[in-house]
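Subject: Handover of a structure and the findings on it

Dear colleague,

Please find below the structure that I am handing over to you.

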Amino acid sequence: MSHQQNLKILHAGALRKPVAECAKLLQDARPELKVELESYGSRACARQVREGKVVDILALADPLLFAELLGPEYIDKYYIFANDQIVLAFNEFSRGSGEINALNWFDILLREEVTYGRSNQHLDPCGYRTLMVWQLSEQYYGRPGLFNQLDQMCRGDLIYPKSYDLASDVLVGKLDYGFEYLCVVNQFGLRYLTLPEKINLSNPAYVNYYSQSTVSLQGKNSGEMITIPGAPIEFAIAIPKNAENPEPAKDFLDLILSKQGQQILEECGLIPY
């Protein structure tokens, strides 16, 4: 009689498909393994672990979170396994999508009748990366005040807890546009506009350019604020020090970092490291 083993995985919403596919592979190889998957925005995930949630695998959309919110008491080492970029997602009925391009997207978004969303920067790295893209755009396109204009028009219920929910509202046409990771757009089959490399946070060669943008966020302790600079988008994974099932966790980690895992990541639109 094989012993029932559990594996609890907490992950960024953006990683839903690759994580689920790797988990399924592991379950096929080990039928006695019961895998539980839960997803939130990455900052929300990190905060839950700080507040006492015990998991075996933590996969987040920003390695900075391991260092800033979880190290060294919960995490001592993490592995960067993929990178990505911010794109502007839309659907076939999105207003202005017939004429949108890399030179005029902000003019179209700022039209009265157009709606666009982003995720919440305090819960989800896609949210603070969107704010960085807007800041960099102001400089890149030479449009003083562009950040404030974009920010003013994207308020309230246009700000989502995680990029996954935002994508599903773009898909069903509740919103015309959403700022998203390319991997999420691919998972939903959405149409999208690629933004210039100098603003889409995809290229490590532009790390100095990206770092001109900054966003201030809630820090480790309540009431504390930290300022983080723009950086290339990277996804990272770790086994927390208090994991209850470190052995299957190690198998999962090995799988996602293997050739087979990297192939899954690529099919989901990520660029494996």
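Lys162 touches Gly13, Arg16, Ser39, Tyr40, Gly41, Ser119 and Asp124, not counting residues up to four places away in sequence; here contact means heavy atoms within 4.5 Å. The model is a predicted one, in which local features need pLDDT of at least 70, side-chain atom pairs count only at pLDDT 80 or more, and totals for chains, interfaces and linings use all residues. Residues are numbered from 1 along each chain as its sequence is written, and side-chain values use heavy atoms, with hydrogens and water left out.

Lys162 is placed in the loop between β7 (159-160) and α7. Helices (H or I, at least four residues) and strands (E, at least two) are DSSP runs, numbered from the N terminus. Lys162 counts as buried because its relative accessibility is 14%; buried means under 20% relative accessible area, exposed over 50%, and partly exposed in between (1.4 Å probe, protein chains only). Although Lys162 and Ser119 are 43 residues apart along the chain, their C-alpha atoms are separated by 5.4 Å.

Helix α7 covers residues 163-171, and its buried residues are Ser163, Tyr164, Leu166, Ala167, Asp169 and Val170. After α7 comes Gly173, which has a positive phi, near 85°.

Tyr116 belongs to strand β6 (residues 116-119). With a relative accessibility of 1%, Tyr116 counts as buried. Leaving aside neighbours within four places in sequence, the contacts of Tyr116 include Trp134, Leu150, Met153, Tyr177 and Phe179. The C-alpha atoms of Tyr116 and Ala44 are 23 Å apart, and 72 residues separate the two along the chain.

Ser97 is found in the loop between β5 (86-90) and α4 (105-109). Ser97 also counts as buried, at 17% relative accessibility. Beyond its neighbours within four places in sequence, Ser97 is in contact with Phe90, Asn91, Glu92 and Tyr177.

I turn next to the domains. The domain assignment gives domain 1 (6-82 + 235-272) and domain 2 (86-215); such bounds come from an automatic or database domain assignment. Their C-alpha centres lie 26 Å apart, and 19 residues of domain 1 are in contact with 17 residues of domain 2.

What lies between the two domains? The largest nonpolar core has 94 residues, and those with the most contacts inside it are Trp105, Tyr181, Phe235 and Phe252. A nonpolar core is a set of buried Ala, Val, Leu, Ile, Met, Phe, Trp, Tyr and Cys residues joined through side-chain atoms within 4.5 Å. Helix α5 (residues 125-140) gives the most to this core, with 7 residues. Domain 1 and domain 2 both contribute residues to this core, so it lies between them. Trp105, leaving aside neighbours within four places in sequence, has contacts that include Leu88, Ile100, Tyr141 and Leu193.

The largest pocket also lies between the domains, because both give residues to its lining. A pocket is found on a 1 Å grid over the protein atoms alone, as an open set of points where a 1.4 Å probe fits, with protein on both sides within 12 Å along at least five of seven lines; lining residues have an atom within 4 Å of a point. Of the 14 lining residues, Asp62, Pro63, Leu64, Ala231 and Pro232 lie nearest the centre of the pocket. α5 gives the most to the lining, with 3 residues.

Yours sincerely
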